[in-house]
Amino acid sequence: MKIGIKELRILKILLKHGKCNTHNIAKLANMNVDVVNRLMLWLKLKGFVEYEEYEKIDYEKTNIFKEWKKYGIPERLLLENINEKLNLKDVKGKNIEIGIGWAKRKGLIKIINGVIEITKEGKRFLKEKSDIEKVVENGNLNNTDKNILKEMIERGAIKTVRKKEKIYFLTEKGENIVKKVKYTKLIEKLTPEIIKEGKWKDAEFVEYDVSMPVPKLIAGKPHPYMEFLNSIKEKLVELGFMEMCGPLIELEFWNFDALFQPQNHAARDWTSTYSLKNPKFGVLPSTELVEKVKTAHEHSWKYKWSKEIASKLMPRAHGTCLSARTLSKKPKEGKYFAIARCFRPDVMDSTHLLEFNQVEGIVIGKNLSFKNLLGILKRFAIEIANAKKIKFFPDYYPFTEPSVQISAYNEDFGWIEFGGAGIFREEMLEALGINEPVLAWGLGIDRIAMFKLGINDIRMLFSNNLEWLRNVKVI
Amino acid sequence: MPKIEISMMDLNRLLCKSIDVGELKDSILFVKGEIEEINKDVLKIDIKDTNRPDLWSCEGIARELKGFYGIERGLWKCNIKKSAIKIIVDQEIKHVRPFIVGAVVKDAMIDDEAIRQIIQLQEKICQNYGRRRASVAIGVYDCSKIGNTINYVLAEPKTKFVPLGYRKEMTLDKILKVHEKGIEYGHLIRNFDRYPILIDNNGNILSMPPIINSATTGKIEKNTKNIFIDITGTDINKVVLSLNVICSALVDRGGKLYSVEVIDGNSKKVYPEFEYKKIIVNRRYCEHILGIKLGLDNIKYMLEMHRYNVDIDEEKDCVIATIPFYRHDVINRRDVVEDILISYGYNNIMPEEPRIVSNGGVSNISRISNVVREVCIGMGMQEIMTFILTSKKMLKNIGISERIVEIENPISSEYNVMRPFVFPSLLKFLSKNTKSRYPQNVFEIGECVLFDEEYEEKSRTEVHVCIASVSNNSDFSISKSYTEFLATALGLKLFYKASNDSWFIKGRGANIFCGRRKIGFLGEINPCIINKLQIEKPCCIVELNLNNVLREIL
């Protein structure tokens, strides 16, 4: 026979005390009632215990009870208001009026010709607390005198509720197992003492039922979304990409102008991106670079480029500004990536966040072509999205030409938009001082993350539910 | 990315060819479109190109698809005759809304669907391309109801006319205050003491750009014969292009185009002005960018599909592409190459990975973050992720007095500043989990933003780790134990000095130093904050600036 240590403790209690409800068991075993309830179900299933169900009358306190507790019972309120005598007409207040009836019934007062007088009984009452008041004070209705309960019910301070209660007792099988443990040398819990003194040598161990339920552990765990982002980072590093870092607050210059996005473009409207109230303006980088960018804009877009607009500050709206910064340092050849937190003034709902992580990067090299860009995207789709099929679509980004969107398919999530990419525009690269082609790409990974986490609300990626995080799978 | 609605029936009739939705699903890629919804005859289409307003209506899509299906190739052309209408620009208006152009279209087939498309195109241009009417606003009028000379002038706020949607005359002032469009777009002109209007030689007010047209003249209806279009704005290139786009759409509906003369001081110009730019594209360049082999004839054919005209120069191994006048998105040869690519078909190119040898790697801050993360998890902490945007009010409640980087246009007051520390985010998280099992030990490694005049961005971004513990036993000592354990793992020797941070219980908060550098703080959170946030148990935190830690380690 296999049994757990907590279960055995319960069986012992039942052997000693006979029939018990779970509250008593919990108290005697020094365990949580919920735990006991769970264990009882298991013990019943194994046939160690049985129960009888009784209907139990219980009492529930009403608002009147609470009022009594706060202000005192009506008859006391009344008596404390009477100075020797009181004219009935002068009685004021609802509770005090109620007090008259009860005080009279209990013989605490007499009413003669409309004048209230305190009796001897009443005077005694004023000196010490009555039984009913003692109950009100300590709030414990168990073991209360039946007459007092009856009065409280009549006065509406409490009401009766019927509850079903299970009373547990040992079955024969249950009794046998406890007795066996009791009368033979069975070890429940192995202690250092037993080990040290070798007591275990002539004893038997209680054999546990290994399928028994155990308490849930509270321990440390990675966040599943962070784990996912890190796995992408690892993949990209394996593919030869170097990580780029940069500030969350950007000059519009890096977020837009350096990316050849004209200052009058709709994407720069306040509804599309955040701007800062404080600090409002930053300092533009080297004049040479600024002049080149200005020239590129004014020549191609035919408008007057403003330094002031370019020096406005904003929380970055995409990770591409990191690529622009990297390119401005004029690297020769190489692969770069970033996982960047980005900000956009969207209303949060199940498909939009107001800040999100963008995975993106660039490849710089002499003979790179659009064909190579498709090659990189295909590799990402296979490695990161586990794609079985891929498809390319024409797309539009202000800073790339040509631009492409890739959709990836696998059996689990069907077709998803997996990323956008393109070759950086010549005007942009010239201003940054780059002569080689630069392939730029960005991946939409949140859909895949949501699929891996088994969620369909994007807000859950930043869940503030601790229990959910404790229970969610990480891989 | 403008989303537009078109009717399949209308598309087929403009194409002069019958295609079904299945065919369109493929061919719509040719205009960088995607069918998002199908509702019987009506399709919702997302056009991805934000620089091509010519594709934001059924007419434009049909024009481009005619090239795709080979119904018409090469440049789209039409004759422009002279109309009698002229617009005279008052010089005072130059500082309010300087540019105006116009045109007349006669005998276009205007039925309900055509009206829907014109209104939609007008709206999409004004909203997207015209930045909510700031740079472009469009008015269309029944030509038969207006005089031949139209003055574009500033008028006193007391001036009256009947705006669209109303039956009574209103003053310009009142329109800005009361009319739906006045409320929506009033900010564009409200700061001036007089407002722009169009008024004809009969003294009738046509409209109050960029707000609203007049109810008497400024409306087209089914079977309106002749249409007058005016476009005002602050960006002449956008204004001109918008006119070209709208005119060509109406001509596609069978309209005949007539020009309008704009007299602006000493200059006299005639609109619409169809300008055909030429760009030379080298064949080698094409091949180099795309990574495929192409012939000159090939290139010519593929560009004609996109309604370019193409001349071949065999000697120089290049083509001379003439660009349709309704396209301002074609700026240089690269843009032409993309059109070749779209004709060629994205999925007809074999992907090939680049041969670049490079060493991958993560940044130093990522590396140290990973170590710290593993140590924290080892200490029994649940990792959490929160937003960097937070509420100014909450930071104030916690007693943070640092200068905070603040958003100008927040969507909600819950997310209106960038956090300077991570711990407020963790406290907020914990305040939402009082019903969860204890002990609650959590950590986050995340970015923070601090004011800093020394940087170009007037702020600096730092990566912090914050550990927070809420339980009956959470106190100063445990937060210090966590810190010491972490410091040992990072090989740091730390010093502690009492801190005055008001969010700690007095005498139970400390600043953490490594060498002379402050790298963080720790302590027991003040019960007044615990109460405010409705956390129910004692709480302690540690916050370390990993950028500073990194400086000590390197």
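Trainee: How many residue pairs are in polar contact between chain A and chain B?

Mentor: A polar contact is a pair of N or O atoms within 3.5 Å; within protein, one must be able to donate a hydrogen and the other to accept it, and residues adjacent in sequence count only if both atoms are side-chain atoms. Between chain A and chain B the count is 55 residue pairs, with both partners at pLDDT 80 or more. This is a predicted model, where local features need pLDDT of at least 70, side-chain atom pairs need pLDDT 80 or more, and totals for chains, interfaces and linings use all residues. Residues are numbered from 1 along each chain as its sequence is written, chains are lettered from A and ligands numbered from 1 in the order written, and side-chain values use heavy atoms, without hydrogens and water.

Trainee: Which helix of chain A gives the most to the side that touches chain B?

Mentor: Helices (H or I, at least four residues) and strands (E, at least two) are DSSP runs, numbered from the N terminus. Helix α17 (residues 370-383) of chain A gives the most to that side, with 8 residues. The side of chain A that touches chain B divides into 53 nonpolar, 26 polar and 31 charged residues. Here Ala, Val, Leu, Ile, Met, Phe, Trp, Tyr, Cys and Pro count as nonpolar, Asp, Glu, Lys and Arg as charged, and the others, Gly among them, as polar.

Trainee: What area is buried between chain A and chain B?

Mentor: The size of an interface is often given as the accessible area lost when the parts come together. Buried area is that loss (1.4 Å probe), summed over both parts. Here it is about 8,700 Å², and carbon and sulfur atoms give 55% of it. In contacts (heavy atoms within 4.5 Å), 110 residues of chain A meet 85 residues of chain B.

Trainee: How many salt bridges are there between chain A and chain B?

Mentor: Side chains of opposite charge can pair when their charged atoms come close. A salt bridge puts a side-chain nitrogen of Lys or Arg within 4 Å of a carboxyl oxygen of Asp or Glu. The count between chain A and chain B is 10. One of the pairs between these chains is B:Arg437 with A:Glu467, at 2.7 Å, N to O. Over all chains, the structure holds 76.

Trainee: Where do A:Lys294 and A:Glu298 lie?

Mentor: Both are in helix α14 (residues 287-301) of chain A, 4 residues apart, about one turn of the helix. Buried means under 20% relative accessible area, exposed over 50%, partly exposed in between (1.4 Å probe, protein chains only). A:Lys294, at 21%, is partly exposed. So is A:Glu298, at 26%.

Trainee: Are B:Asp10 and B:Arg253 buried or exposed?

Mentor: Both are buried. They form a salt bridge, with the closest N and O atoms 2.7 Å apart. The pair links distant parts of the chain, 243 residues apart: B:Asp10 is in helix α1 (residues 8-15), and B:Arg253 is in the loop between α7 (236-252) and β14 (256-264) of chain B.

Trainee: Why is helix α3 of chain B called largely enclosed?

Mentor: Because 10 of the 11 residues of α3 (residues 58-68) of chain B are buried, the rest of the structure largely encloses it. Among them are B:Cys58, B:Glu59 and B:Arg63. After α3(B) comes B:Gly70, with a positive phi near 75 degrees.

Terms used
Buried area is the accessible area (1.4 Å probe) that two parts lose on being put together, summed over both.
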